[in-house]
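Hello,

Here is the structure I promised to pass on to you. Please have a look at it, and then read on for some notes.

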Amino acid sequence: MPTAEELKRRIEDALPGSQVAVEDLTGGGDHFRAEIVSDRFEGLSRIDQHKLVYGVFGDEVGGPIHALSIKTQTPGDGR
Amino acid sequence: MTNEEIRSYIAKAIGENEVMLFMKGSPDAPACGFSMRTSGCLNALGVRYAALDILPDPRIRKELSAVSNWPTIPQLFVRGEFVGGCDIVTEMFESGELAELLGVEQPNEGIEERPVQKGPIGLENRLG
């Protein structure tokens with residue numbers, strides 16, 4: 001069963017230099033919320049930003065990772 | 001029903017419905033919190049939309065994800081274009097982008113405070 005810490009590490013490995021916060025929403029290891037700030041998102045549409053994150057986990061999203069809620073920002077967004 | 005028939009039905013649904021939501025359950029009885037929030041955004045905007053429940057056959061979700069290259073449900077399409085899943089639709093609702101995309105006024109109320117629209121366009125689900 002994946003943990004929030006594991007998801008955070010894998011996103012950080014895939015997107016070097018990113019700031020990542022992952023929360024296990026239910027405590028059950030299958031519903032997660034990830035907030036990511038990365039310069040890799042620069043110039044990408046929101047759809048492509050989210051696809052970049054989903055791509056880290058491949059088929060696990062919808063499988064062991066039942067739900068992964070994502071919020072993406074670039075360092076310049078300052079939101 | 002073959003996988004090709006399912007994929008062609010999905011393509012037709014996206015092509016023929018200006019606002020097309022693929023979800024778990026229905027707008028009246030959503031079967032997942034993410035689907036509920038996404039249909040709630042559309043309800044709050046008061047737009048008419050078609051909704052298709054992907055739960056009756058696991059192949060619907062598989063074929064849909066092959067079309068959209070998006071792994072999760074719900075998925076919203078407007079005028080044939082993929083808009084996003086729950087997170088993106090919610091962000092766009094809150095920022096007013098969704099209202100703009102759909103050509104309606106941004107409501108003052110939030111998502112939860114509006115009842116489900118009367119009579120969403122019922123798509124006959126022949127995929128079950």
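What is the mean pLDDT of chain B, and what share of its residues reach 70 or more? The mean is 89, and 84% of the residues of chain B reach 70 or more, pLDDT being the predictor's confidence in each residue, from 0 to 100. This is a predicted model, in which local features need pLDDT of at least 70 and side-chain atom pairs count only at pLDDT 80 or more, while totals for chains, interfaces and linings use all residues. Residues are numbered from 1 along each chain as its sequence is written, and chains are lettered from A and ligands numbered from 1 in the order in which they are written. The model scores ipTM 0.85 and pTM 0.86.

Let me start with chain B. It has five helices and five strands, where helices (H or I, at least four residues) and strands (E, at least two) are DSSP runs numbered from the N terminus. Along the sequence, their pattern in chain B is α-β-α-β-α-β-β-α-α-β. Of the 128 residues of chain B, 38% count as buried (20 or more other C-beta atoms within 10 Å of the residue's own; exposed means 12 or fewer, and partly exposed in between, with C-beta atoms placed from the backbone).

Next, a pair of helices. Helix α1 (residues 3-16) of chain B packs with helix α3 (residues 58-68) of chain B at an angle of about 60 degrees, and their axes are 9 Å apart (axes are lines fitted to C-alpha atoms, for helices over the stretch in contact, and angles run from 0 to 180 degrees between N-to-C directions). That makes α1(B) oblique to α3(B), because angles under 35 degrees count as roughly parallel, over 145 as roughly antiparallel, 65 to 115 as roughly perpendicular and the rest as oblique.

Also in helix α1 of chain B is B:A13. This residue is partly exposed because 19 other C-beta atoms lie within 10 Å. The C-alpha atoms of B:A13 and B:V78 are separated by 11 Å, though the two are 65 residues apart along the chain.

Finally, the two chains meet: 11 residues of chain A are in contact with eight residues of chain B, contact meaning C-beta atoms, placed from the backbone, within 7 Å. On the side of chain A that touches chain B, α2 (46-57) and β3 (67-73) of chain A are the elements that give two or more residues. The most come from α2(A), with five residues.

Best wishes
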